[in-house]
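Take a look at the model below. This briefing walks through it topic by topic.

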Amino acid sequence: MSRIGVIAGSGLYEIKGLTIKKSRTVSTPYGKPSEKYVCGEMNETEIIFLPRHGKHHSIPPHMINYRANIWGFKKLGVSRIISISAVGGIKKGLKPGDIVILDQVLDMTKNRKSTFYDGKDGVAHIDFTEPFCAELAQALQKAGRKVKVTLKKGGTYVAVEGPRLESASEIKSFQILGGDVVGMTGMPEASLAREAEICYSGVSVVANYAAGISRHKLTVAEVMEAMKDTTENLKKLLKAVFTLIPDKRKCTCKDALAEAKI
Ligand code: HPA
């Protein structure tokens, strides 16, 4: 039976319908993960859930221990992670409530520990041409069709440092660079998962129009409200996808380190 990790952020601090078996505190060489990992079962699949901001949302994006979080999943035997995040919509036509299955990344973060290979354990340059696992993305698309939850196929995630929101000019520049959505947590989560040879898929929920796209001031309340409205759809999507993920991994994520180390 494969073991799937779910990491979620703003507005999603638990998975309803998950039969919880136990919570696990995990120690790592990088310090403490954001929270205890909740281990449970859904549709005969072992699920391990982690709220990336902590269960009371006390950890801001720039303070999350991304290395510990991913290392913890690896230690618990997780081979695939579905990452759910709230984002601002940059691309024309995207509106609050839309769900995007990501396929690219633009990393604008500045101050994060972004690798397990900082010299002590050698040097590695993982291939990141395709930052997200195509096999997992395909299973998510299939699940969306099955439960009639509309998903946008493909999108470029712009990762920013935060915790402040962006200026209108920043968003305009991201748009020119090809960014579709903007968020504060997708990196280095995605690249650390690749270094850990864990498949990683990004499910982004558009919570608001990015700065300057709509004329009104951005509020945290609006982000939380949009996430609450989408929770039912996310739950349906997750429940369905767990049965559609193939047992054996055929993607290249599992061999990410094979030709990456010096
Ligand atoms: N910008 C950055 N991160 C976000 C946003 C945003 O507009 N909305 C939700 N997370």
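What follows covers aromatic rings, a central topic of strand pairing, a helix contact and one glycine.

This is a predicted model, in which local features need pLDDT of at least 70 and side-chain atom pairs count only at pLDDT 80 or more, while totals for chains, interfaces and linings use all residues. Residues are numbered from 1 along each chain as its sequence is written, and side-chain values use heavy atoms, with hydrogens and water left out.

**Aromatic rings**

- The structure holds five aromatic pairs. Rings of Phe, Tyr and Trp (its six-membered ring) pair if their centres lie within 6.5 Å; planes under 30 degrees apart count as stacked, over 60 as edge-to-face and the rest as tilted.
- One of the pairs is Y30 with W71. This pair is edge-to-face, with 5.2 Å centre to centre and 65° between the planes.
- The pair links distant parts of the chain, 41 residues apart. Y30 sits in the loop between strand 2 (19–24) and strand 3 (37–42), and W71 sits in helix 1 (residues 66–75). Helices (H or I, at least four residues) and strands (E, at least two) are DSSP runs, numbered from the N terminus.
- Y30 also pairs with F116. This pair is tilted: 5.3 Å centre to centre, 50° between the planes.
- F116 lies in the loop between strand 7 (104–107) and helix 2 (134–147), so its pair with Y30 ties together parts that are 86 residues apart in sequence.
- Ring pairs link Y30, W71 and F116 into a cluster.
- Buried means under 20% relative accessible area, exposed over 50%, and partly exposed in between (1.4 Å probe, protein chains only).
- Y30 counts as buried at 17%. W71 is partly exposed at 32%.

**Strand 5 and its partners**

- Strand 5 (residues 80–89) is mostly covered: ten of its ten residues are buried.
- Strand 5 pairs with strand 1 (residues 3–8) in the parallel sense, over five bridges. Two strands pair if DSSP finds at least two bridges between them. Here A8 stands opposite I84.
- Strand 11 (residues 199–209) runs parallel to strand 5, and ten bridges join them. The bridge partner of S83 in strand 11 is G202.
- With strand 10 (residues 181–183), strand 5 pairs in the antiparallel sense over two bridges. G88 has V182 as its bridge partner there.

**Helix 2 against helix 5**

- Helix 2 and helix 5 (residues 220–241) pack at an angle of about 115°, with their axes 8 Å apart. Axes are lines fitted to C-alpha atoms, for helices over the stretch in contact, and angles run from 0 to 180 degrees between N-to-C directions.
- Which residues of helix 2 make the contact? They are A139, L140, A143, G144 and V147. Helix 5 contributes K236, L237, A240 and V241. Contact means heavy atoms within 4.5 Å.

**One glycine**

- G77 is placed in the loop between helix 1 and strand 5.
- G77 is partly exposed, with a relative accessible area of 41%.
- G77 and L50 are 27 residues apart in sequence and 14 Å apart in space, C-alpha to C-alpha.
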